[in-house]
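Me: Hi! I have a new structure open here. Could you walk me through it?

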Amino acid sequence: MTQREIGIGLIGAGWMGSLHAQAYRRVGDHYPELPVRPRLLVAADVDPQRAEAARRMGFESTTTDPYAVIADSQVEAVSITATNDVHVELIRAAAEAGKHVWVEKPVGRFPEETAAAAAAVEAAGVYSTVGFNYRQVPLVVHAQNLVAAGKLGSVRNYRGRFFVDYASNVARAFSWRFARDVAGLGALGDIMSHVIDQAHQMVGPIASVCAHQEIQIAERPAAEGATQFAIAAEGSKMRAVENDDYAVSLVHFENGARGVFEVCRTMVGRHCDLGFELHGTEGALGWSFQRMNELELYLPSQEGEDVGYRTVFAGPQHGDHGRFEPDTGVGLGYSQLKVSEANGFLASITDGKQRRPGIAEALASARVVDAMLRSAESGSWTSVGEAIAHT
Ligand SMILES: NC(=O)c1ccc[n+]([C@@H]2O[C@H](COP(=O)([O-])OP(=O)(O)OC[C@H]3O[C@@H](n4cnc5c(N)ncnc54)[C@H](O)[C@@H]3O)[C@@H](O)[C@H]2O)c1
């Protein structure tokens with residue numbers, strides 16, 4: 001099969017930038033039927049050292065000007081992996097130039113920025129992929145299929161969570177993640193957006209919420225230009241944290257299911273615990289990213305006297321597992337999810353079918369975040385609306 005080349009540009013050469021680049025490099029090995037072969041043309045980062053480092057990611061040229069990436073006539077698709085403050089302006093510029101966009105969540109700093117980005121993508125008619133990478137986990141896809149096939153009966157209860165400890169150390173320096181003008185929202189935008197998207201995938205749309213959010217570590221040591229994982233030197237000047245560390249919400253789904261979502265970035269002891277517990281009228285299941293290749297499944301009708309949860313191990317029979325590993329129990333990791341995401345992005349561009357998660361899924365998540373913000377302010381149950389208020 002002849003594969004045509006597709007010119008790729010990247011904006012933001014940090015953690016996610018390197019994962020997108022790696023995914024483009026690997027996607028042809030795992031999805032050989034793709035009719036395109038990504039060519040890593042140009043990467044930009046406003047930090048010259050980061051820009052230069054993008055050469056090691058495989059890009060032919062680098063720049064400190066993100067708009068040079070968009071203006072390059074050979075670039076057909078752009079990965080936007082910069083910080084949240086520049087998502088909307090870059091998505092708008094890329095979409096208006098007719099470039100397809102693979103953008104990282106949460107897409108902008110606030111729900112109204114996600115709405116503006118979605119409007120720009122829809123108006124331009126370009127294809128989009130949004131970095132809700134946990135959608136690609138083979139056992140999450142399997143769980144979604146079990147629920148959709150009615151194997152667990154009707155869903156009654158859903159508990160979604162995302163507990164991380166990256167901000168639990170009080171010596172962790174003040175980085176862009178704690179600044180409202182760069183990150184926008186805190187845990188509510190960063191990790192609640194994943195929980196909401198996963199709940200949408202597993203159960204469906206959300207009707208109303210009753211939420212609370214708070215800052216748990218009020219100030220952090222300010223170190224000039226600190227990266228998000230930096231530990232500050234003792235005696236550094238302190239700076240006030242500007243966005244939430246913790247958020248929780250009661251949730252009513254449109255189909256009648258009830259839920260609780262809880263997220264925290266200062267949670268001691270949980271490193272990257274995105275997960276859910278789902279209970280239907282005829283069964284239950286539970287999953288955590290910390291044990292990504294294991295699904296806890298409870299189907300009482302099949303268990304006789306040994307009734308109880310059992311562990312299902314990921315294998316080629318689940319989702320895209322077989323694209324990477326040929327056997328059950330040989331587990332996948334985080335970076336492989338990005339390879340599957342790259343495949344969805346490139347497949348949409350080549351066959352003209354928009355896949356999930358795209359900008360529509362980011363907007364759906366942002367609408368729920370918006371309702372949570374309004375609920376936390378009013379202290380009452382709040383409907384998830386079409387319109388998004390200005391934050
Ligand atoms: N999908 C996920 O699970 C996941 C995980 C982590 C981060 N993210 C998202 O990815 C994005 C980047 O996060 P990260 O962890 O890679 O951050 P990072 O700090 O490692 O990298 C961000 C890079 O963007 C650059 N940058 C900032 N403004 C720019 C501009 N105008 N033009 C070009 N480059 C610019 C910075 O210099 C930096 O190198 C954020 O939106 C974040 O929410 C998603």
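Me: Is the crossing of α8 and α10 left-handed or right-handed?
Reply: The crossing of α8 and α10 is right-handed, meaning that the near helix is turned clockwise from the far one by less than a right angle. Helices (H or I, at least four residues) and strands (E, at least two) are DSSP runs, numbered from the N terminus.

Me: Before we go on, what kind of model is this?
Reply: This is a predicted model, where local features need pLDDT of at least 70, side-chain atom pairs count only at pLDDT 80 or more, and totals for chains, interfaces and linings use all residues. Residues are numbered from 1 along each chain as its sequence is written, and side-chain values use heavy atoms, with hydrogens and water left out.

Me: Back to the helices: at what angle do the axes of α8 and α10 cross?
Reply: At roughly 115°, and the axes of α8 (residues 192–202) and α10 (residues 359–378) come within 9 Å. Axes are lines fitted to C-alpha atoms, for helices over the stretch in contact, with angles from 0 to 180 degrees between N-to-C directions.

Me: Which residues make the contact?
Reply: Among them are Ile 196 and His 200 of α8, and Val 368 and Met 372 of α10. Contact means heavy atoms within 4.5 Å.

Me: New topic: how far is Asn 84 from the ligand's oxygen atom?
Reply: A polar side-chain atom of Asn 84 lies 2.6 Å from an oxygen atom of the ligand. For His 87, a polar side-chain atom lies 3.1 Å from a ligand oxygen atom, and for His 194 the distance is 3.5 Å.

Notes:
Polar contact = N/O pair within 3.5 Å; in protein donor to acceptor, adjacent residues only side chain to side chain.
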